[in-house]
Amino acid sequence: MKKRWIIITALLLLAAGAYSLYELLYKSDPEEQRQQEDQLAEEETQRGDYMSYFEQQTQENGELRVAVIGSSVARGMGASSSATSWAGLLKSDLESREELRETTITFSNFGMNGYKANDLLEEGVVDNMVQARPDFIVFETSVINSYRQGEALDTTIESIDTLMRQLEEELPDAEIVVIAPNPLETSSANIRGNTYLDYLTETQDYIIDNNWNYVDSYTEIEAQRQEQGYNIEDILDDGIHPNDTGYSMWYDVLERYLF
């Protein structure tokens with residue numbers, strides 16, 4: 001008899017727990033549930049509402065200053081024109097936005113062919129960009145060149161850290177978005193035994209660990225390419241630099257993050 005009561009009690013407790021779970025999942029306040037879902041989606045995509053920031057800068061300063069810095073794929077090499085590179089597409093997108101129609105937008109491109117983050121620092125490119133006092137910066141990590149030139153991974157990470165610390169110190173009010181470069185046709189081990197993915201993964205982990213805004217362009221371009229049925233050579237001009245199709249995919253990624 002005692003054993004039967006123990007079993008009945010256990011079953012009642014189990015039923016009560018199941019009902020509580022049902023209440024939590026299916027009968028919570030609809031508005032609260034929607035907010036939780038929106039928050040989860042925001043956290044998963046790590047997107048920000050940069051348009052609000054752009055509008056705020058316009059109201060406070062009467063203009064919006066945008067700068068791009070990085071390697072030749074930030075400059076737009078491989079595109080049929082500067083307008084069809086991801087940076088050019090960003091410029092035209094900002095200029096066409098209804099919210100910024102009356103805004104004076106200054107767009108500067110500090111992408112340098114063959115440069116690594118360390119070169120951007122040593123050759124004064126970062127200093128020149130700081131003098132332009134941008135409100136919004138997109139920093140392409142330039143690890144294509146770190147990989148192709150066989151730079152030590154530690155040096156690559158240290159250079160990115162130094163560059164970011166300088167921007168944070170000298171442009172404390174600027175918003176900075178760090179983006180990975182594009183996929184390559186070949187990415188076998190370099191003279192140090194490191195693959196392109198090694199540079200992408202190590203720098204990505206470091207950037208995220210430091211809570212810097214980061215867009216994994218490489219992975220999202222690859223996913224988009226495969227989904228649309230393109231071969232890697234279809235989106236590259238020379239095996240390294242994107243063509244117009246590749247840059248369009250790249251800007252699709254950046255646009256989804258920014259807006």
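A residue is called buried under 20% relative accessible area, exposed over 50%, and partly exposed in between (1.4 Å probe, protein chains only). The structure is a predicted model, in which local features need pLDDT of at least 70 and side-chain atom pairs count only at pLDDT 80 or more, while totals for chains, interfaces and linings use all residues. Residues are numbered from 1 along each chain as its sequence is written, and side-chain values use heavy atoms, with hydrogens and water left out.

The protein has 12 helices and five strands. Helices (H or I, at least four residues) and strands (E, at least two) are DSSP runs, numbered from the N terminus. Of its 259 residues, 44% count as buried. Contacts (heavy atoms within 4.5 Å) were examined between residues at least 6 apart in sequence; 78% of these join residues at least 24 apart.

Aromatic pairs were searched for across the whole structure, and 12 were found. Rings of Phe, Tyr and Trp (its six-membered ring) pair if their centres lie within 6.5 Å; planes under 30 degrees apart count as stacked, over 60 as edge-to-face and the rest as tilted. Tyr 50 and Phe 54 form a tilted pair, because their planes stand at 35 degrees, with ring centres 6.5 Å apart. Both residues belong to helix α3 (residues 50-61); they are four residues apart, so about one helical turn separates them. Tyr 50 and Phe 54 are buried.

Tyr 147 and Tyr 196 are also paired, with ring centres 5.5 Å apart and planes at 35 degrees, so this pair is tilted. It links distant parts of the chain: Tyr 147 is in helix α8 (residues 143-148) and Tyr 196 in helix α10 (residues 196-209), 49 residues apart. Tyr 147 is buried at 7% relative accessibility. Tyr 196 is buried at 1%.

One aromatic cluster is formed by Tyr 50, Tyr 53, Phe 54, Phe 136, Tyr 257 and Phe 259. Arg 97 lies over the face of Phe 259, 3.9 Å from the ring centre. A charge sits over a ring if NZ of Lys or CZ of Arg is within 6 Å of the ring centre and within 35 degrees of the ring normal.

Helix α5 (residues 86-96) and helix α12 (residues 244-258) have axes that come within 8 Å and cross at roughly 45 degrees. Helix α5 is therefore oblique to α12; angles under 35 degrees count as roughly parallel, over 145 as roughly antiparallel, 65 to 115 as roughly perpendicular and the rest as oblique. On the α5 side, the contact is made by Trp 86, Leu 89, Leu 90 and Asp 93. The α12 side includes Tyr 247, Trp 250, Tyr 251 and Leu 254.

Leu 90 of helix α5 is buried, with a relative accessible area of 0%. Leaving aside residues up to four places away in sequence, Leu 90 touches Phe 107, Val 138, Tyr 251, Leu 254 and Leu 258. Leu 90 and Val 66 are 24 residues apart in sequence and 9.8 Å apart in space, C-alpha to C-alpha.

Positive phi values were also noted in two loops. Ser 142, not a glycine, has a positive phi of about 65 degrees. Ser 142 lies between β3 (136-140) and α8 and is buried, at 0% relative accessible area. Asn 211 has a positive phi near 60 degrees. Asn 211 is in the loop between α10 and β5 (213-215) and is exposed, at 70%.

Key
Axes fitted to C-alpha atoms, helices over the stretch in contact; angles between N-to-C directions.
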